[in-house]
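Please look over the structure below before reading on, and keep it in view while the text moves from one region to the next.

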Amino acid sequence: MMLKDKYDVIVVGAGPAGSVTARFAAENGASVLMLERDREPGIPVRCAEGVSHEGIAPFIEIDESWIAAKIDVACLHAPDGTNAKMYNNGAGYILERRLFDKALCDVACRHGAELLTKADVIGLLWEKDKISGVKYRYFGKIHEIRCDLVIGADGVESRVGRWAGIKTAVRLEDIDTCVQYTLSGLKVEEGCVDFYFGNDIAPGGYIWIFPKSKNSANVGIGVAGHLSHKKGPQEYLNEFIEKTYPDVKKTYTVCGGVTTSATLKEIVRDNILLVGDAARQVNPLTGGGIAQGMIAGSIAGKVAAEAVRTGKFDKKFLKKYRKEWDKRLGRTQKTMFKMKEKFMFMGDDRFNKIAKICKNIPKEKFSLKALFTEAVKGDPKLMADVAKAFVVSKLKK
């Protein structure tokens with residue numbers, strides 16, 4: 001593949017956030033290069049692969065080839081064994097991320113973006129104190145390529161942000177340490193995802209079971225970072241599996257950190273912006289970030305293309321991206337972050353009580369809003385924020 005000496009935009013990372021960013025920048029007239037350090041987008045798989053239909057449908061035509069399972073029920077399990085099923089949170093999917101990520105890249109390339117895999121970006125180029133490109137390693141050789149705008153979509157461990165001087169660190173309590181196995185030989189309820197809560201099984205987090213077929217599932221755990229020093233997530237998860245699914249086989253293991261914070265305070269500087277997990281654009285309650293990253297990518301790509309058209313790559317102009325993100329989802333993320341703080345310090349008794357209340361809510365009325373409203377009772381300001389967040393989300397549908 002013959003690369004040009006200079007592009008308008010270089011996107012570092014070809015996950016969902018990076019691919020959507022590249023697609024919208026290219027679609028709106030910018031020359032775009034995506035650099036991905038792995039041999040192909042979507043590997044290794046490092047997430048539970050769950051996503052809502054509403055979250056991805058605006059960005060790609062749904063294709064059965066990258067859907068492992070369809071979801072329409074969520075079952076919440078309280079520490080005392082009480083469970084409540086939620087049917088009114090919209091349809092969802094368990095993805096085959098390797099195929100899904102590749103499909104998103106294909107869309108970006110069809111709109112004019114270029115992709116180079118096995119290209120490990122190892123630093124930024126600077127000219128007169130301004131970012132002017134990236135340095136990357138490709139098959140053992142170091143290369144340099146210039147651009148007007150670098151977009152860091154390089155995930156939770158983003159180096160691009162740090163190289164630019166952006167503070168990307170978050171508090172230990174805002175990082176869940178996670179382990180996930182893909183298990184085979186277990187029976188799962190078709191169309192249902194399960195979430196288990198309790199300080200004895202997943203302190204400050206939860207265990208999830210996301211079915212991938214009738215007899216296989218992603219079973220994982222996230223434990224709040226500051227609560228995992230005495231006993232790690234793998235030990236908690238192994239205990240759960242030995243108790244719940246003693247005869248299953250582990251076919252895939254993945255581990256890593258997931259941020260559960262609000263969006264970083266700073267996500268743009270002159271000639272650079274961050275998107276997706278790199279900017280901490282995730283749902284702080286669940287740690288999910290696929291849809292959030294794609295929404296942020298669509299905004300970032302459009303702003304990047306506008307920057308190219310106007311020749312403005314300074315922080316002042318690029319703040320349009322931050323402003324639009326906050327308007328679209330960032331403020332809701334702040335509300336979710338406040339709720340996460342409340343959940344984190346909630347005792348098992350409170351979880352049990354909420355589950356019992358939810359179990360008695362009529363099936364047609366039990367929704368995420370009903371759950372969250374019950375969880376934040378006694379905090380009028382947070383209740384108002386939750387109500388506002390759901391009203392805003394409805395208006396944006």
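Predicted model: local features only at pLDDT ≥ 70, side-chain atom pairs only at ≥ 80, totals over all residues.

Residues are numbered from 1 along each chain as its sequence is written, and side-chain values use heavy atoms, with hydrogens and water left out. The pLDDT, which is the predictor's confidence in each residue on a scale from 0 to 100, averages 90 over the chain, and 94% of the residues score at least 70. Over residues 392–397 the pLDDT stays under 50, and for this stretch the model has 4 contacts beyond four places in sequence, a contact being heavy atoms within 4.5 Å.

The spaces within the model come next. Grid points are joined across faces, edges and corners, and a volume is the space filled by probe spheres set on the points. A search of the whole structure finds 1 cavity of 30 Å³ or more, and the largest cavity has a volume of about 40 Å³. Its lining is made up of Ser 19, Val 20, Arg 23, Phe 59, Leu 104 and Val 107. Helix H1 (16–27) and helix H3 (97–110) are the elements that give two or more residues to this lining, and the largest share, 3 residues, comes from H1. Helices (H or I, at least four residues) and strands (E, at least two) are DSSP runs, numbered from the N terminus. By class, the lining of the largest cavity has 4 nonpolar, 1 polar and 1 charged residues, where Ala, Val, Leu, Ile, Met, Phe, Trp, Tyr, Cys and Pro count as nonpolar, Asp, Glu, Lys and Arg as charged, and the others, Gly among them, as polar.

The second largest pocket has a volume of about 330 Å³. Of the 16 residues that line this pocket, Pro 79, Tyr 196, Ile 201, Phe 240 and Lys 243 are the closest to its centre. Helix H5 (residues 233–244) gives the most to the lining, with 5 residues, and by class the lining of the second largest pocket has 7 nonpolar, 5 polar and 4 charged residues.

Side chains of opposite charge can pair when their charged atoms come close. With a salt bridge taken as a side-chain nitrogen of Lys or Arg within 4 Å of a carboxyl oxygen of Asp or Glu, the count comes to 25 salt bridges. Asp 326 and Arg 322 form one of them, with their closest N and O atoms 3.1 Å apart; both residues lie in helix H7 (residues 315–344), 4 residues apart, which is about one turn of the helix. Asp 326 and Arg 322 are both buried, where buried means under 20% relative accessible area, exposed over 50%, and partly exposed in between (1.4 Å probe, protein chains only). Salt bridges that share partners also join Arg 171, Glu 173, Asp 174, Lys 340 and Glu 341 into one network. Within this group, Arg 171 pairs with Glu 173 at 3.7 Å between the closest N and O atoms, and Arg 171 is partly exposed at 38% relative accessible area, as is Glu 173 at 24%.

Thr 260 is found in the loop between strand E16 (249–259) and strand E17 (268–269), and at 3% relative accessibility this residue counts as buried. Leaving aside neighbours within four places in sequence, Thr 260 is in contact with residues including Glu 173, Asp 174, Asp 176 and Lys 340. Although Thr 260 and Asp 176 are 84 residues apart in sequence, they are 7.0 Å apart in space, C-alpha to C-alpha.

Two loop residues remain. Lys 128, in the loop between strand E9 (119–127) and strand E10 (130–138), has a positive phi of about 50° although it is not a glycine, and Lys 128 is exposed at 82% relative accessible area. Asn 271, in the loop between E17 and strand E18 (272–274), has a positive phi near 65°, and Asn 271 is buried at 9% relative accessible area.

Key: 1 Å grid on protein atoms, 1.4 Å probe; cavity = no way out; pocket = protein on both sides within 12 Å on 5 of 7 lines; lining within 4 Å.
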